[in-house]
Amino acid sequence: MLSIQQLSLAGIRRPRLQQVQLQLSAGQLVGLVGANGAGKSSLLQVIAALLTPSAGEVRIDGTVVTSLAPEQRAQVMAYLPQYEQPQWDIKVRELVDIGLLHHRLSRRQRQLQLQHVLTACDLLQLAERPLSTLSGGERQRALLARAMVGQPKLLLCDEPTAALDIQHQLQTLQLLQQQARQGQLVLCCMHDLSLAARYCDQLVLLHEGRLLEVGAPATVLSDAHLATAFGIQAQWYCDSSGVAWIPQPLPATD
Amino acid sequence: MTVTARGWGWLFILLAVILSGWHLNQGAATVNWLDLNDLQYTIVMDIRLPRWLLVLANGMALGLAGAALQLLLRNPLAEPGLIGVSSMSALVTVTLLYFGWLAAFSWWLPLAAVAGGLAGLLLVVLLAGRQHDIYRIILAGVAVSSLAGSAMGLILYLAPNPFAFQEWSQWTLGSLANRSWSHLGLLLPCLLIGTLLLWWTRTLLTALTLSEQTVATLGFRLVSQRNGVLLAVAVLVAGSVVSVGIIGFVGLLAPHLVRLLGQEHPQRVLWLSAPAGALLLLAMDIATRLISGARELPIGIVAALVGAPLLVALLFHRYQRRFYE
């Protein structure tokens, strides 16, 4: 569904992305992990056509993303940036409706889609409330609902759990998992490796702009990769819910 | 009791009708509206009616321009005067008029003023750099406004017309005195075109509730639509400047007045700012003529005297309650 071929992105001091090659199919939650400056946000922004790569291309279902008109791109993908602060104190329903501004829908279809996503994100009770009256977790759900309402094939989220407490982090990830189960490809930048390992079907590990590994969490978060990409080691254990990591600094070498 | 946007719109219209009655009856001469004699008819048709309509139209134009700019720049402090549009429009108008290159009511005058306003915007955008950061835009706008204001003073000082410099205050502080149907004729096409442009770009202004980065992924042709908004602002402001000079604060206050009434959605702020601006300017013009003695005060002085404390009060009220924890 998503195909990235030899993608490179120039930077000021060093390339932000270097020959990234990736194939991802629909119906999964994929975590984009790596240290700060690894290129995670840059990769999302290139996929969303917010940045122009210096080489390579991104295809969705075989079509080059940059060849699509802005309206067509908006139908197939949605982007949720890391820090989104709505400027005006509008209602939740009005915020979510912004995600449908360029969708040619009848009034009834629009209402149905709004209702559906507000229910899925547990926002129905909050629909008529101004954003300033919401908690951080509720506001993040509203922003996510805005991204989801257009039913995009590809959902790009840049650290959707940033600045949320653990309860809201889990709620957000469960929501993203549900979207993936409904056939979307959900690609998320994440810092928390334990949550990424527990909720994501696949992980993509970036290091200094290069793709280090892609695959199941247990494969990606090997001792060697953790040491290379993060400069840590980890103990891990597995339970019925999945895998969890307990990170530790690498032992000092003489 | 919650008042809907439509309710506020009707209330604004009702207030405008009441204030209009007061405004139309202001003046040295007493007018019997039910039985106008020849003199009273001339006073009404040649002085009071054009002034009243000019106030309403200017208020609408400035209200719309201010709201559009605040929504586009995502900043409630944005105002056409702040980003050089008004000053550059006035500079071009003054240069063409006082050096005799255009007649006072030529159709080319508003076009030239639009060009001046757009030139000011372009200058601000160039100075602000590629990122178009709001703080850079406002800083650049202040620089351009100051430059244009000084240049305007110099132009008037050097103009062949020996009385030109005395009219400097009319251009920089605005004036509704001695205005005629011809002045309205300069403004109305600008009001119509500006409104149509804002109608075309209204969904972008709603989407800009979110960051520009997000809006770029929502299917908008960001550059062309944003330029459409800027053109609309330039046209609306140019029409106002050409007809009455620079009147500050109305573009800043009208959207705030709408938000103070609990209307935060960009569409409601945008369209309700038109009647709100008309109301504000009506009230200011009434106050101007109550205060003025033999020589009429420029309305811009009253606008600043009323607007600045109101702005402080609005800022205090609005930012006292934090939007985000």
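This is a predicted model: local features need pLDDT of at least 70, side-chain atom pairs count only at pLDDT 80 or more; totals for chains, interfaces and linings use all residues.
Helices are DSSP runs of H or I with at least four residues, strands are runs of E with at least two, and both are numbered from the N terminus.

Helix 2 of chain B passes helix 12 of chain B in a right-handed crossing; that is, the near helix is turned clockwise from the far one by less than a right angle. The residues of this contact divide into 18 nonpolar, six polar and one charged. Nonpolar means Ala, Val, Leu, Ile, Met, Phe, Trp, Tyr, Cys and Pro; charged means Asp, Glu, Lys and Arg; the others, Gly among them, are polar.

Residues are numbered from 1 along each chain as its sequence is written, and chains are lettered from A and ligands numbered from 1 in the order in which they are written.

Let us turn to a second pair. Helix 3 (residues 85-98) and helix 4 (residues 108-128) of chain B pack at about 135°, with their axes 7 Å apart. Helix 3 of chain B also passes helix 4 of chain B in a right-handed crossing. Residues of helix 3 that meet helix 4 include Met88(B) and Leu91(B), and those of helix 4 include Ala112(B) and Gly116(B). By class, this contact has eleven nonpolar, six polar and no charged residues.

What of chain B as a whole? Chain B has 13 helices and zero strands. Its C-alpha trace spans about 65 × 55 × 35 Å along its principal axes. Buried residues, those with 20 or more other C-beta atoms within 10 Å of their own, C-beta atoms being placed from the backbone, make up 47% of its 325 residues.

Finally, how many residues of chain B are in contact with chain A? There are 20, and they are in contact with 23 residues of chain A, contact meaning that C-beta atoms, placed from the backbone, lie within 7 Å. Helix 8 of chain B gives the most to this side, with three residues.

Methods
Two residues are in contact if their C-beta atoms, placed from the backbone, lie within 7 Å. Axes are lines fitted to C-alpha atoms, for helices over the stretch in contact, and angles run from 0 to 180 degrees between N-to-C directions. A residue is buried if 20 or more other C-beta atoms lie within 10 Å of its own, exposed if 12 or fewer, and partly exposed in between; C-beta atoms are placed from the backbone.
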